[in-house]
Amino acid sequence: MPIVRIELSPGRTHEQKSQYVEEVTRLTSEVLKCPVESIDVMFIEIPATDWAHAGKFYAQPK
């Protein structure tokens, strides 16, 4: 059972996520030779106040 975990900043629409889920599920099934029914996709949205790069947060809490 493949689990595809996508970590990203908030802001994508449900339609964007739906399109992504369809494509990543299709590709995962094709490449890993597994049924689409066995594939889970999870979106983990991380706010900029909890995300740092090169030692600095993208945003400060208000």
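How many residues does helix H1 have, and how far does the helix reach from its first C-alpha to its last? Helix H1, which covers residues 14–32, has 19 residues and reaches 26 Å between these two atoms, close to the 27 Å expected at 1.5 Å a residue; the expected span is 1.5 Å times one less than the number of residues. Helices (H or I, at least four residues) and strands (E, at least two) are DSSP runs, numbered from the N terminus.

The model is a predicted one, in which local features need pLDDT of at least 70 and side-chain atom pairs count only at pLDDT 80 or more, whereas totals for chains, interfaces and linings use all residues. Residues are numbered from 1 along each chain as its sequence is written, and side-chain values use heavy atoms, with hydrogens and water left out.

Lys17, Val24, Thr25, Thr28 and Ser29 are the buried residues of H1, where buried means under 20% relative accessible area, exposed over 50%, and partly exposed in between (1.4 Å probe, protein chains only). These residues lie on the same side of H1 because they cover an arc of only 130° around the axis, the arc being that of the directions from the helix axis to the C-beta atoms. On the other side of H1, Glu15, Gln19, Glu22 and Val31 are exposed. The buried residues of the helix pack against strand E1 (3–8) and strand E2 (40–45).

Strand E1 has a covered face made of Val4, Ile6 and Leu8, and an uncovered face made of Ile3, Arg5 and Glu7. E1 and E2 run parallel and are joined by six bridges; two strands pair if DSSP finds at least two bridges between them. Valine 4, on the covered face of E1, has valine 41 in E2 as its bridge partner. From E1 the chain crosses through H1 to E2, and this β-α-β crossover is right-handed, a term used if, with the strands pointing away from the viewer, the path from the first strand over the helix to the second runs clockwise.

Threonine 25, in helix H1, is buried, with a relative accessible area of 13%. Its side chain reaches the backbone oxygen of valine 21 at 2.7 Å. When neighbours within four places in sequence are left aside, threonine 25 is in contact (heavy atoms within 4.5 Å) with Val36, Ile39 and Val41, and Val41 is also the bridge partner of valine 4.

Methionine 1 lies in the segment before E1 and, at 72% relative accessibility, counts as exposed. Although methionine 1 and isoleucine 39 are 38 residues apart in sequence, they are 5.8 Å apart in space, C-alpha to C-alpha. With neighbours within four places in sequence again left aside, methionine 1 is in contact with Ser38 and Asp40.

Lysine 33 lies in the loop between H1 and E2, while alanine 54 lies in the loop between strand E3 (52–53) and strand E4 (56–57).

| Residue | Relative accessible area | State |
|---|---|---|
| Threonine 25 | 13% | buried |
| Methionine 1 | 72% | exposed |
| Lysine 33 | 70% | exposed |
| Alanine 54 | 70% | exposed |

Terms used. A polar contact is a pair of N or O atoms within 3.5 Å; within protein, one must be able to donate a hydrogen and the other to accept it, and residues adjacent in sequence count only if both atoms are side-chain atoms.
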